[in-house]
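Subject: Structure handover

Hello,

Here is the structure for your files. My notes follow below it.

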Amino acid sequence: QVQLVESGGGLVQAGDSLRLSCTASGRTFGPYVMGWFRQAPGKEREFVAAILWAGDSTFYADSVRGRFTISRDNAKNTLYLQMNSLKPEDTAVYYCAAQMRVGSQYDPWGRGTQVTVSA
């Protein structure tokens, strides 16, 4: 089975940057799409960004477009999320997930990494 492990979260101040990583392990990994999601306390999980595993297409939530950049290293089976100009409202647990086939749901998911942005 494929397992996803996030890292790179932490406590930063508003305006700072962080880079999250998500590394896949297990059987041969070749998803259709990889995505980042986040869940803030008391709120539903929301989409942040996604990238095709083969190709250059990327997708962003309006709230992060222009500040966050999603990228991947296929050779390392690793997904990244570069987060710049962080705001307190970016505070959340960030999860990565894989959409293994076209039209399938996101599955598997990582366990998440906490990002806290202080004002």
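**Backbone notes**

Asparagine 77 sits in the loop between E7 and E8 (strands, E, are DSSP runs of at least two residues, and helices, H or I, of at least four, numbered from the N terminus). Its phi is near 50 degrees, a positive value in a residue other than glycine. Asparagine 77 is partly exposed, at 23% relative accessible area (buried is under 20%, exposed over 50%, partly exposed in between, with a 1.4 Å probe and protein chains only).

Serine 85 lies in the loop between E8 and E9. Serine 85 is not a glycine either, yet has a positive phi of about 50 degrees. Serine 85 is partly exposed, at 40% relative accessibility.

A cis peptide bond links aspartate 107 to proline 108, with omega about 20 degrees. Proline 108 belongs to strand E10 (residues 106-109). For context, most residues other than glycine have a negative phi, and most peptide bonds are trans.

**Ground rules**

This is a predicted model: local features need pLDDT of at least 70, side-chain atom pairs count only at pLDDT 80 or more, and totals for chains, interfaces and linings use all residues. Residues are numbered from 1 along each chain as its sequence is written, and side-chain values use heavy atoms, with hydrogens and water left out.

**Overall fold**

The protein has eleven strands and zero helices. Its radius of gyration is 14 Å, close to the 14 Å from the globule rule for 119 residues, so the protein is as compact as a globular protein of that length (taken over C-alpha atoms; the rule is 2.2 Å times the number of residues to the power 0.38). The C-alpha trace spans about 40 × 25 × 25 Å along its principal axes. Buried residues account for 45% of the 119.

**Disulfide**

There is one disulfide (a pair of cysteine sulfur atoms within 2.5 Å). The disulfide joins cysteine 22 to cysteine 96, S to S 2.0 Å. Cysteine 22 is in strand E3 (residues 18-25) and cysteine 96 in strand E9 (residues 92-99), so the pair ties together parts 74 residues apart in sequence. Both cysteine 22 and cysteine 96 are buried. The link is right-handed, with 60 degrees about the S-S bond.

**Core**

The largest nonpolar core has 31 residues (buried Ala, Val, Leu, Ile, Met, Phe, Trp, Tyr and Cys joined through side-chain atoms within 4.5 Å). Those with the most contacts inside this core include Leu4, Trp36 and Tyr94. Among the elements giving two or more residues to the core are E3, strand E4 (33-39) and E9.

Best wishes
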